[in-house]
Amino acid sequence: MKKTLSALVISSLLFGANVQAAALNAAQEKEVRALVRDTLVSNPEILEEAIMALQTKKADEQQAQFRQALASEHDALYNDAASPRIGAKDAKLVLVSFTDYNCPYCKRFDPLLEKITEQYPDVAV
């Protein structure tokens, strides 16, 4: 019974469940805190699960934000006449490369991009 109550309390605290309950008095609040603590100490994998769930949620949010940025900036990324472009004019695949012209590592990547466009005529960079 204690574990069930503790699991319910923990899940509502960690996962933001909207559970409406009567206000606890000081003794009840102390008991709930003790149950939560005992449950977490006895079952630390609960915290790992919560962290993994949070990381998954954050990654999903980032992915959605990234997709929204791609959609809203599509023309600037793929159709900007002022951006340098190599490869096919009507390419089946367009690679967008963000680079720093002063970066020695980025400079080493440029010949690879040129090689890709030479090897695959339907690709543009």
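Partly exposed means a relative accessible area between the buried range, under 20%, and the exposed range, over 50%. Asp122 has a relative accessible area of 38%, so it counts as partly exposed. Keep that residue in mind; the tour comes back to it. The model you have open is predicted.

**Start with confidence**

Colour the protein by pLDDT. The mean is 84, and 83% of the residues reach 70 or more. Select helix α3, residues 45-72, where confidence is highest at a mean of 94. Then select helix α1, residues 2-14, where confidence is lowest at a mean of 54.

**Two salt bridges**

The structure holds two salt bridges. For one of them, go to helix α2, residues 26-42, and show the side chains of Glu29 and Arg33. Their closest N and O atoms are 3.0 Å apart. The two residues sit four positions apart, about one turn of the helix. Glu29 is partly exposed at 35% relative accessibility, while Arg33 is exposed at 57%.

At 75% relative accessibility, Lys92 counts as exposed.

**Leu77 in helix α4**

Next, select residues 74-78, which make up helix α4, and pick out Leu77. Which residues does Leu77 touch, leaving aside those up to four places away in sequence? Show Leu70, Val96 and Phe98 to see them. Of these, Val96 is 19 residues from Leu77 in sequence, with the two C-alpha atoms 7.0 Å apart. Leu77 has a relative accessible area of 24%, so it is partly exposed.

**Along helix α5**

Move to helix α5, residues 104-119, and stop at Asp110. This residue is partly exposed, at 28% relative accessibility.

Is Thr117 buried or exposed? Its relative accessible area is 13%, so Thr117 is buried. To view its surroundings, show Ile86, Gly87, Val123, Ala124 and Val125, which Thr117 touches when residues up to four places away in sequence are not counted.

Conventions
Residues numbered from 1 in each chain as written. Predicted model: local features only at pLDDT ≥ 70, side-chain atom pairs only at ≥ 80, totals over all residues. Heavy atoms only, no water. Buried < 20%, exposed > 50% of the residue type's maximum accessible area, 1.4 Å probe, protein only. Contact = heavy atoms within 4.5 Å. pLDDT = per-residue confidence, 0-100. Salt bridge = Lys/Arg side-chain N within 4 Å of Asp/Glu carboxyl O.
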